[in-house]
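Dear colleague,

Here is the structure I said I would hand over. Please look through it before reading my notes.

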Amino acid sequence: MSAREVLERVGWRVVGKPVPRHDAWDKVLARTAYAADWEMPGMLVGKVLRSLHPSARIVRLDTERARSLPGVVAVLTARDVPRNTLWTDVPGQTTEVGPLRAKVHVLAEERVRYQGEPVALVAAESEELAEEALRAIEVEYDPVPGVFDPQEALSPGAPLVHSDSKSNLLARWTVRTGDVRGALARADVVVEGTYRTQFVDHAYLEPEAGVAWVDSDGVLTIRVATQVIEHFRDVADVLGLPHNKVRVIGTYLGGGFGGKEDVTVEVFLGLLAWVTRRPVKMVWTRQESLLARPKRHPFVMRYRTGALRTGELVAQEVELLADAGAYAFLSALVLLYASTTACGPYRVPNVAVDAQVVYTNNPPTSAMRGFGAMQVVFAYEQQMDRLARELGMDPVELRVRNGLRKGDRLPIGQVLETHVALPEVARRAWQALGPAQPPSGPHLRVGRGLACNLQPYGRIVWLHDWASAWVGFEMDGSVLIRAGVPDVGAGQASSLCQIAGEVLGVPLDRVSIHVSDSALTPLAGTTTATRQLMMSGNAVLRAATELREHVLRVAAQLLETTPVELQLDGHEVRTPDGRCVSLVRVLRECARVGVPRSAFATYHAPAGDPIDLDRGGGRVFPDFTYGAHATEVEVDTETGAIRVRRYVACHDVGQAINPQSVEGQIQGGAVMGIGYALMERVILDAGNNQTTSFSTYLIPTSMDVPDVIPLVLESGEGMGPFGARGIGEPPVGPPAAAIANAVYDAVGVRVTELPIRSEAVARALYELAGHNG
């Protein structure tokens, strides 16, 4: 009997309940120690010297004056790094992924390719001395022509960002199915649009930070804010150390959103601590963080969509062009996600997607919440809105009519094996807006918009993903979990406690967890790709189920019955006729007869080999989460200002392990998406970042967004524990398209570029009224 079958028989106790997270009070009372809170005796301060230029040769780099300053312990350049190449890949992968693997330099060699690129490191006795040492490093640059637009970067004769490459093209993906040209010719309606999205930053509260030291066993240990404790391998490779001589301890994070997926401070700290043999702390300033870390990819997206008069979609032609910035990081993977989700949650029989990502001398771009499946929502959902208006159809019904169903095949050839809740989420989100409200002023107009999406959860199956966990009973009947999952603030660790507590029948206050230590917790992979609930959740479920079987087998002998009849309930094991034995006695008996009181389990996600996207025919992702957002906006016809008045976000989460956490993820993602739609933008001037503070890089506050109404659907058909789906990334996708569609509904202006700025709307209204721009 499976754990789910057992639980459905006895009734669920903690899964599905909005219980407070195990770490909630510590965070509320400021008792949680984040990476920057760690202090050690004799600790040095580490700093990074960064390039002022987006494209230049390094003519001279002189560190002598900095090295001679009293209190400066180390100054390092590329020449001091044992292996100055850092490979950006997927930790724990078991399949060679070829072009998906990207190379970056730890410190710049001979030239810099973006503003903020690391050039040198210092370690000093104080922050003031470290800053003085940075100023004392003499760098002579020779600026060279750069390229700052991805289209121009592809032009013949464009400056090469990497001179050892033949062009600035980093990666290309294509998807082909059916006869697009013929289908578009036969379509009754064809709509076209070009859409542009912007650079944005993760804008988390906690900047990149960590502390490193060499322990008494000679192990380089790094306590760091990271989404990936497996970066211990990167540090070891750079230093030329065996992997087992580097340990990474992850801290609770003050936000990640993909910005702490790539290496940030780990390698710098490792170098400085290894060279100085003293503890070193590094905390990036806000300006440094906004300047230097990789951003979300800007996209240019050209769409042609054809449909019959009945509303049936017949073809979609898509061109995507993304800006990778100066280094590859995860750009090829991000583009893969965009290419394979470019048609959204709809049945389109004839598809052609051509996608390219290109090097420029802009800041690098990499992982961010939504990971490539987000930008395309802005395009394909406005295409659906355009079609609905051309056809005179209700926007909900057009989506429902074309929505994917279980068993359908995506353009990439993947068959959908689980429930597709598109009709439910679209209708529920739209209905929840309630009756339309009148505008609040004579010069204001009200409009409504809808947008749906599908977002993969879990890594692409080519990577043969896995996660491990250990679950054990202590002799007093309390439960301990060990799992290498980094908790980024979304409740990853807390959900594992609920899963183990549910299976083992132990109250949550008797369940503890150790996470995110590469030396002491079983490795669980990255906290990215909305994967941890499926991966570590299933690993914990398996371990707890095995442990339950051990314990009940022994209890059955004590009670002279069969294990299937027994219930684990708090502090004892019971039979249906009321007999019981204490859990402590059962555990002692386990110890006496040699039955394990713990279990270790590994969950392997669905796996497969890379497919030829041109020819389709295969699986790329384990599964998807489906959602729909509906909004009502008010547009000022005099200024173009937009106010979001009502917002509803509905997602099928399969099974909500903790409904409170699920609702929080939906609300947080929607607010982040509203910021993407209306406010956030990294402004670059020929590669120079003009937005390196929160006074210039604007994010929404509580005054800028309405209450987000979260609607949670539970189909029970996800691939996570108890049928759960991932929900971390999906809610960030639909807001921009929903708002753009609502703006059109209000004033008839089709906004195709993000963020949606009031001046652009006002200008369009001016032109719409018959005036020349």
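Below is what was found in it, grouped by region.

Please keep in mind that this is a predicted model.

Cores

The largest nonpolar core has 171 residues, and the members that touch the most others in it are Tyr303 and Leu320. There is also a second, separate core of 51 residues, with Ala469, Ile499, Ala601 and Ala724 among its members.

Strand 15 pairs with strand 10 (residues 189-196) through eight bridges, and the two run antiparallel. In that pairing, tyrosine 303 of strand 15 has glycine 193 opposite; Tyr303 is one of the two core residues named above. Strand 15 also pairs with strand 16, again antiparallel, over nine bridges. Here methionine 301 has leucine 320 of strand 16 as its bridge partner, and Leu320 is the other of those two core residues. Strands 15 and 16 form a hairpin with five residues between the strands, where glycine 311 has a positive phi near 95°.

Helix 10

How many residues of helix 10 (residues 331-340) are buried? The count is 10 of the 10, so the helix is largely enclosed by the rest of the structure. The buried residues include Ser331, Ser339 and Thr340 as well as Leu333, Val334 and Leu335. What do the buried residues of helix 10 pack against? The list is made up of strand 9 (169-177), strand 15 (299-307), strand 16 (313-325), strand 17 (350-359), helix 11 (375-391) and strand 18 (444-457).

Salt bridges

The structure holds 43 salt bridges.

- Arginine 347 and aspartate 408: the closest N and O atoms are 3.2 Å apart. Arginine 347 is in the loop between helix 10 and strand 17, and aspartate 408 is in the loop between helix 12 (395-402) and helix 13 (422-432), so the pair ties together parts 61 residues apart in sequence. Arginine 347 is partly exposed, at 26% relative accessible area, whereas aspartate 408 counts as buried, at 17%.
- Arginine 448 and glutamate 632: the side chains meet at 2.7 Å, N to O. Arginine 448 belongs to strand 18 and glutamate 632 to strand 26 (residues 623-636), and the two are 184 residues apart. Arginine 448 counts as buried at 15% relative accessibility, and glutamate 632 counts as buried at 1%.
- Aspartate 623 and arginine 725: the closest N and O atoms are 3.0 Å apart. Aspartate 623 lies in strand 26 and arginine 725 in the loop between strand 30 (708-713) and helix 18 (735-747), so this pair ties together parts 102 residues apart in sequence. Aspartate 623 and arginine 725 are buried.

Strand 2 and its partners

A network of salt bridges links Arg60, Asp62, Arg65, Glu138 and Glu140. Strand 2 (residues 56-62) and strand 8 (residues 138-143) run antiparallel and are joined by six bridges. Strand 2 is also joined, by two bridges and again antiparallel, to strand 6 (residues 111-112). Alanine 56 takes part in both pairings: its bridge partner is proline 143 in strand 8 and valine 112 in strand 6.

Surface patch

Trp25, Val28 and Leu29 make a nonpolar surface patch of about 370 Å². Leucine 29 lies in the loop between helix 2 (24-28) and strand 1 (44-50). Its relative accessible area is 46%, so leucine 29 is partly exposed.

Backbone points to check

- Leucine 754 and proline 755 are joined by a cis peptide bond, with omega about -10°. Proline 755 is in the loop between helix 18 and helix 19 (758-768).
- Phenylalanine 371 is not a glycine, yet has a positive phi of about 40°. Phenylalanine 371 is in the loop between strand 17 and helix 11 and counts as buried at 11% relative accessibility.
- Phenylalanine 722, also not a glycine, has a positive phi of about 60°. Phenylalanine 722 is in the loop between strand 30 and helix 18, and at 4% relative accessibility it counts as buried.

Regards

Conventions: Residues numbered from 1 in each chain as written. Predicted model: local features only at pLDDT ≥ 70, side-chain atom pairs only at ≥ 80, totals over all residues. Heavy atoms only, no water. Core = buried A, V, L, I, M, F, W, Y, C linked by side-chain atoms within 4.5 Å. Buried < 20%, exposed > 50% of the residue type's maximum accessible area, 1.4 Å probe, protein only. Helix = DSSP H or I, 4+ residues; strand = E, 2+ residues; numbered from the N terminus. Contact = heavy atoms within 4.5 Å. Pairing = 2+ DSSP bridges. Patch = residues over 30% accessible without salt bridge, like charges linked within 9 Å, V, L, I, M, F, W, Y side chains within 5 Å. Areas by Shrake-Rupley, 256 points an atom, 1.4 Å probe, with all protein chains shown as cover. Salt bridge = Lys/Arg side-chain N within 4 Å of Asp/Glu carboxyl O.
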